[in-house]
There are 2 protein chains.
Amino acid sequence: MEYTVQKLGLLAGVSTRTLRYYDEIGILKPARINSSGYRIYGQTEVDKLQQILFYKELGIHLDKIKDIVNSPSFDAAAALSEHREQLLDKRLQLDKLIANVEKTIASNEGRITMKDKEKFEGFKQKMVQDNENKYGKEIREKYGDDVVNKSNEKVLNMTQSEHDEVTKLSVDLLTTLAEAFKTGDPAGKLAQKAAELHKQWLTFYWNEYSNEAHAGLAQMYVDDERFTAYYDKDQPGTAKFLRDAIYIYTGMKQ
Amino acid sequence: MEYTVQKLGLLAGVSTRTLRYYDEIGILKPARINSSGYRIYGQTEVDKLQQILFYKELGIHLDKIKDIVNSPSFDAAAALSEHREQLLDKRLQLDKLIANVEKTIASNEGRITMKDKEKFEGFKQKMVQDNENKYGKEIREKYGDDVVNKSNEKVLNMTQSEHDEVTKLSVDLLTTLAEAFKTGDPAGKLAQKAAELHKQWLTFYWNEYSNEAHAGLAQMYVDDERFTAYYDKDQPGTAKFLRDAIYIYTGMKQ
DNA sequence: TTTAAACCTTTACGTTGCGTGAAGGTCAAT
DNA sequence: ATTGACCTTCACGCAACGTAAAGGTTTAAA
């Protein structure tokens, strides 16, 4: 089946302007241009547009989507199952928001009381997600287009010994961090050693390292409950402590 | 509890820039300005910000949110239970998308086949929602700020006799439409009578009527599966037929 | 056959919701 | 008294299109 801009637009629920824009920025080129200069799309483009819309739904920026779907190593099947995971995540977040609104209603009716902080639960998660998206873009801008793809490759191509090493590193990090936390001084020797170990651990996953990126990740550890829970498991406040240590280590504040 | 920009920003997960912008456009003014010119927010503002974020989550534009939350007749409790409804709707839509991605995976693995149209299920619903938002904005721009609120009031304040009348109207509409559909001519007398009845029915819900708005709604009947299912129940194609009749009746095409 | 409606094209300016400096004042702690 | 983390007001930048404007193409009806 072949489609003109409007046909494809109607099919997919996007405007003709959007399709022209996607052509313009090189994210979705038509299969061919007919003799009158009309854009003609085919089966490949239909499937690609679907992928694009999935990524968009997940809040990914178009330039990032472009890199992903146009990458020669793009694996549509893998992308789809990741979409599934992410959409399920998104639903969990939505459930939090629904819980929030229901709690707020109960609170307004005087049935329960609610702290200010609780009133924004479910919103924050979204912010972390946005940061992750933005983050990927920044790396891309600073270090070129292939870094993010390479990052994934790096994990996949890790040998057994590398895997062992990284595991040992993360154990070292956790014990050092636990000891450092007891000193209470994020600028102290132990804390700075922990930050250093964290950097080493990080370089297993990133090809390029930068202070900003490191500091950014540290902040994420505090913002994202999953990470906070992981680091705070034994001693609450550890995630924050690690962040402060990294701030000092990298010389960054924000 | 009192908050400065950064405190409130951290609490709610928004940037300080956002809070200043919300002040600038008049959507969320601080409770007071202290002697140094700092913005100070109180309890009222915390709750209002929560409301704003709920509306934002639902994809409502800021100028519309402004109208809503600043309206003297704004009912926070009612708004919250509407948020709940909408969030539940949103979750249903997400479920559709998840079903879509799972079907696509199955299709790629050759376990099922999938029509192009099916590949975009779950996305389209969102488009309708966006149209509704845009739509409300257009009405607001054209007829002033109170029309949308009044529209809700109108439904709530309907007397029993009015309710009976509107019920009768919708029955008339359906029978006339069914007959008109058999003629196959949306410009014909019967079809135009149906369009007229539809207009009368509409004026029970809208205080202000316009050809554009009417035509817009007609298009929605075709785009939104819930409406299509309703009108096509006995004779498939009726929703489209009604749209065409309304296009002719109103003299609109798009 | 012509003519109107419904397509398509490119070009180009407008919009929303902020991000991101710059330049400078305020406050708390050392 | 100085440093660093706050705060302020401009003011420009940006993404992802929306929305004409001006004009060529296709289709179907008169």
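The views below show a predicted model, in which local features need pLDDT of at least 70 and side-chain atom pairs count only at pLDDT 80 or more, while totals for chains, interfaces and linings use all residues. Residues are numbered from 1 along each chain as its sequence is written, chains are lettered from A and ligands numbered from 1 in the order in which they are written, and side-chain values use heavy atoms, with hydrogens and water left out.

**View 1. The contact between chain A and chain B.** Chain A brings 40 residues to this contact and chain B brings 41 residues, contact meaning heavy atoms within 4.5 Å. The size of an interface is often given as the accessible area lost when the parts come together. Here the buried area is about 3800 Å², with 68% given by carbon and sulfur atoms; buried area is the accessible area (1.4 Å probe) that two parts lose on being put together, summed over both.

**View 2. Salt bridges, and the side of chain A that touches chain B.** Between the two chains there are 6 salt bridges, each defined as a side-chain nitrogen of Lys or Arg within 4 Å of a carboxyl oxygen of Asp or Glu. One of them joins the side chains of Glu102(A) and Arg84(B), at 2.5 Å from N to O. On the side of chain A that touches chain B, two or more residues each come from H1, helix H3 (43-57), helix H5 (76-108) and helix H6 (124-143) of chain A, where helices are DSSP runs (H or I, at least four residues) numbered from the N terminus. H5(A) gives the most, with 18 residues. By class, this side of chain A has 20 nonpolar, 8 polar and 12 charged residues; Ala, Val, Leu, Ile, Met, Phe, Trp, Tyr, Cys and Pro count as nonpolar, Asp, Glu, Lys and Arg as charged, and the others, Gly among them, as polar.

**View 3. The surface near DNA strand C.** DNA strand C is surrounded by 20 residues, and the closest are Arg20(A), Arg39(A), Ser15(B), Tyr22(B) and Ser36(B); a residue is near a strand if one of its heavy atoms lies within 4 Å of it. Of the atoms of DNA strand C that come within 4 Å of the protein, 75% belong to sugar and phosphate.

**View 4. The surface near DNA strand D.** Around DNA strand D there are 19 residues, the closest being Ser15(A), Tyr22(A), Ser36(A), Arg20(B) and Arg39(B). A polar side-chain atom of Ser36(A) lies 2.5 Å from a phosphate oxygen of DNA strand D, while a side-chain N or O atom of Arg39(B) is 2.7 Å from a phosphate oxygen. For Gln6(B), a polar side-chain atom lies 2.9 Å from a sugar or linking oxygen of DNA strand D. The largest share of this surface, 4 residues, comes from H2(A).

Notes: Polar contact = N/O pair within 3.5 Å; in protein donor to acceptor, adjacent residues only side chain to side chain.
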